[in-house]
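Hi,

Here is the structure I promised to pass on. Have a look at it first, and then read my notes below.

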Amino acid sequence: MINITINDIKLQVPYGTTILDAAKMANIHIPTLCHLNLHDINMVNRTASCRVCLVEVEGRRNLAPACATECFEGMVVKTNTERAIRARRTMVELLLSDHPTDCLVCEKNGNCDLQRLAAELGIRKIRYEGEKSTYTKDSSSGALYRNPDKCIMCRRCETMCNEVQTCGIYSAVDRGFETVVAPAFNLPMIDTQCTFCGQCVSVCPTAALTEVSYVDKVWEALFDSEKYVIAQTAPAIRVALGEEFGLNPGDNVTGKMVAALRRLGFKKVFDTNFAADVTIVEEAKEFIDRLNGKGRLPILTSCCPSWVKFIEHQFPELLDIPSTCKSPHMMFGAIAKTYFAEKFNIDPEKIVVVSIMPCIAKKYEIQRKEFKHGNLQDVDYVITTREFARMIREAGLDFTKLPDEDFDNPLGESTGAAVIFGATGGVIEAALRTAYEWITGESLGNVEFNEVRGLKGFKEATVKIKDMDIKIGVANGLGNARKLLEDIRDGKRFYHAIEIMACPGGCINGGGQPYHHGNLDIVKARLEALYKLDKSKPLRKSHENPAVIQMYKEYIGEIGGEKAHKLLHTHYTKREKI
Amino acid sequence: MINSIEKLKEILVCGGTGCQASESNRVFEVLKEEVKAENLDKQVKVIMTGCFGFCEKGPIVKVMPDNVFYVEVDEASARKIVKEHVLKGRIVEEKIYKDPKTLEKIPEQSSIPFYKKQIRIALRNCGKIDPENINEYIASDGYMALAKVLKEMAPEEVIDIVKRSGLRGRGGGGFPTGLKWEATRKSKGDVKYVICNADEGDPGAFMDRSILEGDPHSVLEGMAIAGYAIGAKQGYIYVRAEYPLAIHRLKIAISQARQRGFLGENILGTDFSFDVDLKIGAGAFICGEETALINSIEGGRGEPTVKPPYPAQVGLWKKPTNINNVETFANIPPIILNGPDWFSSIGTEKSKGTKVFALAGKVNNVGLVEVPMGITLREIIYDLGGGIKGGKKFKAVQTGGPSGGCIPYEYLDTPIDYDNLNALGSMMGSGGMIVMDENDCMVNIAKFYLEFSCDESCGRCTACRIGNKRMLEILNKITEGKGEMEDLETLRELAETIKDSSLCGLGQTSPNPVLSTMKFFYDEYVAHVKDKTCPAGVCTALLKYYIIPEKCVGCTACAKVCPVNVIHGEPRKVHVIDREGCIKCGECFRTCRFGAITRK
């Protein structure tokens with residue numbers, strides 16, 4: 001332990017503690033901007049680049065960044081001297097002097113760390129005027145929107161992309177005032193190996209990185225009387241949406257969410273969970289086939305479009321191992337425009353499928369050419385949890401006062417196995433529940449596989465099914481996935497089945513979720529809520545979903561059969577590394 | 001009279017970049033041709049050496065052992081040197097240095113005022129030996145220090161000697177070298193590195209380049225000694241790609257040193273192994289900052305990281321790393337050979353030894369000088385430098401490059417050392433020294449350096465990236481005549497905050513040129529802002545052109561060259577400038593043969 005003094009408060013802190021953390025222990029708030037510590041997923045952004053957290057350290061010539069300066073024995077720190085406060089204000093004024101300051105019409109209005117900081121420091125005037133940076137905006141991907149004019153060079157995106165996700169899309173380019181974070185050669189994002197996981201968006205303090213918004217398109221469709229607009233909601237939405245309206249993280253707002261969608265004008269409100277159950281029966285079938293020698297092991301889950309793009313770029317030699325199942329919301333789109341359209345006698349051309357997703361990559365996914373059939377595409381628009389909340393506010397709905405309503409049938413019915421898709425480990429757990437029963441022909445007593453649950457970046461389990469020891473691997477976060485895949489490729493490890501989610505923690509921490517502002521307890525609360533939801537469901541195995549059983553009986557036929565393959569399966573494409 | 005063709009002669013030709021730019025390569029070739037033509041190959045060796053330092057008078061040729069120093073040698077005089085001096089023993093008088101004050105011709109190098117007060121330790125071999133021939137280095141006690149260290153000393157003893165010598169880092173900050181070595185030695189780790197920082201980037205500075213070009217082995221030897229002292233087996237020289245000659249000579253030196261067993265496994269038969277590799281930098285000024293340099297070697301973006309941890313703790317590839325600059329390493333072998341007391345007897349109380357400066361600007365003798373610490377600015381500028389060009393009035397001297405400041409006349413007698421320069425708001429830096437005269441506008445000078453810092457900022461931290469840009473914009477406003485008095489206050493406050501808030505040394509020192517000129521030349525700032533004039537007549541936007549009626553003969557030349565046709569007048573009658581439309585291009589001023597146009 002080290003003895004230090006902060007603002008005349010004496011305290012003991014462990015060796016290696018930063019001034020910032022020590023100040024927290026003494027209940028002293030030091031403003032920060034670039035700093036971000038997501039220790040649960042091993043991400044610490046310690047660039048000390050914004051210079052907002054400057055404090056005075058006795059005996060030091062210049063001011064010290066509290067976020068990146070470790071305490072030493074006898075250190076005397078003053079956080080609120082005239083010198084420190086003046087420097088801090090100047091830094092924020094300088095940042096603002098090179099910022100569009102169009103807060104009123106900014107995507108991040110109310111969610112921007114720079115805006116919050118300016119308010120916190122009581123900035124009333126920007127004393128410095130001059131040239132402002134202007135760069136090309138990039139919405140080439142239709143998923144991720146880059147507006148470098150708003151970049152404050154905190155480098156969080158770079159740390160996230162390079163160190164956690166290991167995609168290496170961003171780095172600082174150019175020099176001096178022209179310095180900006182950009183992809184190599186300033187390529188449009190669509191031409192890079194970006195997977196659009198959106199974790200950079202999750203950590204961007206300003207609106208330099210956001211999603212490409214389709215809110216206006218969705219409104220347009222909703223107001224078009226010719227269109228039949230239906231919604232599907234991903235599992236992770238219902239435990240996060242409430243945060244946008246002042247509810248606690250993890251509050252289950254499924255009923256209010258459905259009510260809100262109806263009031264926004266959606267003709268039908270369906271559940272991606274239905275399609276998740278479909279995914280499981282298809283994937284479990286594929287898994288059993290591969291176990292029986294038809295195809296290569298391990299089987300990799302394919303629900304996550306970001307992860308799919310990752311393997312296409314990074315491990316093209318492994319493209320035969322992901323399951324050929326489409327992601328649940330893409331299956332839903334295909335089902336909606338065929339089975340549902342026929343059953344309810346609706347012209348599929350008129351159906352507009354809107355996916356409400358915790359995800360930015362899904363915006364990219366729907367544009368993949370495999371999912372387009374002539375004029376029709378399986379899913380028409382993807383909006384994020386955040387965009388959905390925006391629509392609710394725009395429509396003037398008092399969300400917390402909405403009644404709880406139920407999903408429409410038949411594509412609204414789901415089991416507990418589907419809802420845990422939103423958390424890392426959930427898909428494989430759901431698949432195990434079904435695979436176990438199908439292989440053994442016995443009923444599974446305890447459906448909970450605790451080894452594959454939780455936020456840990458890599459988890460493994462061995463499940464005894466009949467006389468087989470089935471080895472399961474679960475990775476979340478692309479960096480963890482990379483390590484796992486390298487070992488698989490090099491034959492260093494073997495698993496029968498692997499689940500990979502691009503976002504650390506899975507979809508509950510997706511790039512389209514309400515901003516966590518560095519507090520991953522929010523994500524943990526969402527995670528727990530999903531498992532609680534699973535527990536509360538009368539049916540907890542996908543193959544028991546009566547609506548799914550009915551659909552196969554009425555329309556698709558055999559699980560893994562020809563029609564199933566046409567509607568519910570896909571293929572992968574080798575992509576360049578750049 | 002010299003007449004000794006029987007004896008072996010050496011003709012030394014300066015091969016520094018400065019002299020090469022004035023075609024010393026050609027002089028070298030011509031000398032060789034002549035020597036061959038006269039069948040003197042056996043008796044006369046023509047050698048291309050490193051920089052003599054007296055760039056103002058280059059190309060330099062020196063004939064040894066006659067000790068005759070020729071300046072401004074061209075092809076014709078080179079032939080004459082062979083035909084007259086070498087063959088007939090007659091000095092080529094017209095190429096002997098002539099003292100502009102006494103008009104005395106001085107053939108001996110050490111008697112030339114430029115060299116009189118110099119003490120050459122780091123530059124000891126520059127201009128004396130062929131840098132591409134290791135034998136010449138060895139003949140000048142080269143690698144003796146390494147041998148002494150390896151055979152007679154424990155690493156701790158080496159560190160102790162360097163500490164007692166009082167040597168401080170010659171690259172900028174002036175951190176005691178011995179302490180740095182000690183810290184690296186004490187850091188835990190089985191793998192450690194030595195890095196030579198040869199990323200010299202100050203405008204006008206070429207100290208390190210000259211050492212690398214003129215005496216590369218001295219740096220290699222210094223590095224090997226450092227490697228032994230701290231426990232490293234590998235060294236890197238980070239040198240900028242803009243120094244092709246230095247790179248060329250370093251490559252030769254490294255390969256020769258390896259061949260001779262001064263680098264590589266089991267050096268001189270001992271257990272100590274050490275090798276050196278070159279890392280070529282892309283020429284970013286910021287890569288002279290040690291953490292940025294390390295990032296660059298590792299293949300990352302050249303930008304600094306937060307210190308602590310210092311490289312001595314966590315350096316290259318996260319291993320303890322000792323970084324010194326070229327001149328620091330070049331000082332090491334003589335310190336080992338002559339002892340710490342010898343070295344510390346030179347200089348001031350806290351700054352020992354000598355310092356190499358690149359003397360440039362409005363001074364008569366532009367070049368490279370190595371002087372003892374404690375010499376005054378006046379001595380350098382007036383004795384070595386020969387005073388101000390064109391007999392103009394001295395205004396200021398800028399030291400420390402873009403990180404330094406401008407020192408005015410009243411401090412000319414300040415003894416130069418690290419602490420005195422810091423106290424004046426400037427710094428030693430790596431040794432750039434630029435002299436300014438009455439025709440230099442100090443606001444404009446500050447702007448020049450700030451522009452440099454803005455261009456070279458890595459862009460990482462807010463203070464430097466945006467702060468310097470805003471400062472530059474205020475300076476632009478002032479030099480354009482749009483400044484207000486409150487801008488000066490904003491400028492000063494911003495400068496002080498940037499100094500206090502920036503992440504690295506570049507940002508922390510980039511306001512120095514502004515702060516020091518505001519401190520010593522505030523009147524000039526006020527003149528720009530209040531009177532909207534530039535006293536030195538430099539800031540174009542503030543100039544006003546007038547025709548002096550008494551001098552104007554009405555030749556119409558000015559009216560003809562005026563691109564915007566605002567000069568009116570009948571031939572042979574006094575002309576007038578309509579200042580309303582004048583774009584202040586200065587064409588009329590340059591054209592008038594009667595001195596009838598003035599500007600203020």
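β11(B) and strand β15 (residues 432-437) of chain B run parallel to each other and are paired over four bridges. If you want a spot to look at there, find B:Gly361, whose bridge partner in β15(B) is B:Val435. One thing to keep in mind as you click around: this is a predicted model.

β11(B) also pairs with β12(B), this time antiparallel, through six bridges. B:Lys355 has B:Val371 as its bridge partner in β12(B). Is β11(B) enclosed or open to the outside? Eight of the eight residues in this strand (residues 354-361) are buried, so β11(B) is largely enclosed by the rest of the structure.

Now zoom out a bit. Five strands of chain B make an open sheet, in the order β12-β11-β15-β13-β14, and the pairing in this sheet is mixed. The edges are β12 (367-372) and β14 (405-408) of chain B, each of which pairs on one side only. From one strand to the next, the twist averages 30°. At the β14(B) end, strand β13 (residues 394-399) of chain B pairs with β14(B) in the antiparallel sense, over four bridges.

Chain B has another open sheet, with four strands in the order β9-β8-β7-β10, and here the pairing is parallel. Which strands stand at its edges? They are β9 (275-281) and β10 (321-325) of chain B; each has a single partner strand, so one side of each has no neighbour in the sheet. On average, neighbouring strands of this sheet are turned by 20° against each other, ignoring direction. Strand β8 (residues 234-240) of chain B and β9(B) are paired in the parallel sense over seven bridges, with B:Tyr238 opposite B:Lys279. A helix, α10(B), packs on the sheet and touches β7 (193-198), β8, β9 and β10 of chain B. The direction of α10(B) makes about 150° with that of β7(B).

On to the nonpolar cores. The largest one has 358 residues, and the residues with the most contacts inside it are A:Val55, B:Val13 and B:Ile225. Helix α10 (residues 216-230) of chain B turns up again here, as it gives the most to this core, with nine residues. Not counting residues up to four places away in sequence, B:Ile225 touches B:Ala145, B:Leu146, B:Val149, B:Val158, B:Ile332 and B:Ile336. There is also a second, separate core of 11 residues, which includes B:Ile547, B:Cys552, B:Ile577 and B:Ala596.

Next, the place where the two chains meet. How many residues of chain B are in contact with chain A? It's 25 residues of chain B, in contact with 29 residues of chain A. In chain B, α17 (442-456), α18 (462-479) and α19 (485-501) each supply at least two residues of the side that touches chain A. α18(B) gives the most to that side, with eight residues. The residues on this side of chain B divide into eight nonpolar, eight polar and nine charged.

Finally, chain A. Strands β1 (residues 2-6) and β2 (residues 9-13) of chain A pair in the antiparallel sense over five bridges, and A:Ile4 stands opposite A:Leu11. Two residues lie between the strands of this hairpin, where A:Asn7 takes a positive phi near 45°. Then look at A:Leu222, which is in helix α6 (residues 215-222) of chain A. It has 19 C-beta neighbours inside 10 Å and therefore counts as partly exposed; being buried takes 20 or more. Leaving aside neighbours within four places in sequence, A:Leu222 is in contact with A:Val229, A:Leu264 and A:Gly265.

How values were computed
Residues are numbered from 1 along each chain as its sequence is written. Chains are lettered from A and ligands numbered from 1 in the order in which they are written. This is a predicted model: local features need pLDDT of at least 70, side-chain atom pairs count only at pLDDT 80 or more; totals for chains, interfaces and linings use all residues. Two strands pair if DSSP finds at least two bridges between them. A nonpolar core is a set of buried Ala, Val, Leu, Ile, Met, Phe, Trp, Tyr and Cys residues joined through C-beta atoms within 7 Å. A residue is buried if 20 or more other C-beta atoms lie within 10 Å of its own, exposed if 12 or fewer, and partly exposed in between; C-beta atoms are placed from the backbone. Two residues are in contact if their C-beta atoms, placed from the backbone, lie within 7 Å. Axes are lines fitted to C-alpha atoms, for helices over the stretch in contact, and angles run from 0 to 180 degrees between N-to-C directions. Ala, Val, Leu, Ile, Met, Phe, Trp, Tyr, Cys and Pro count as nonpolar, Asp, Glu, Lys and Arg as charged, and the others, Gly among them, as polar.
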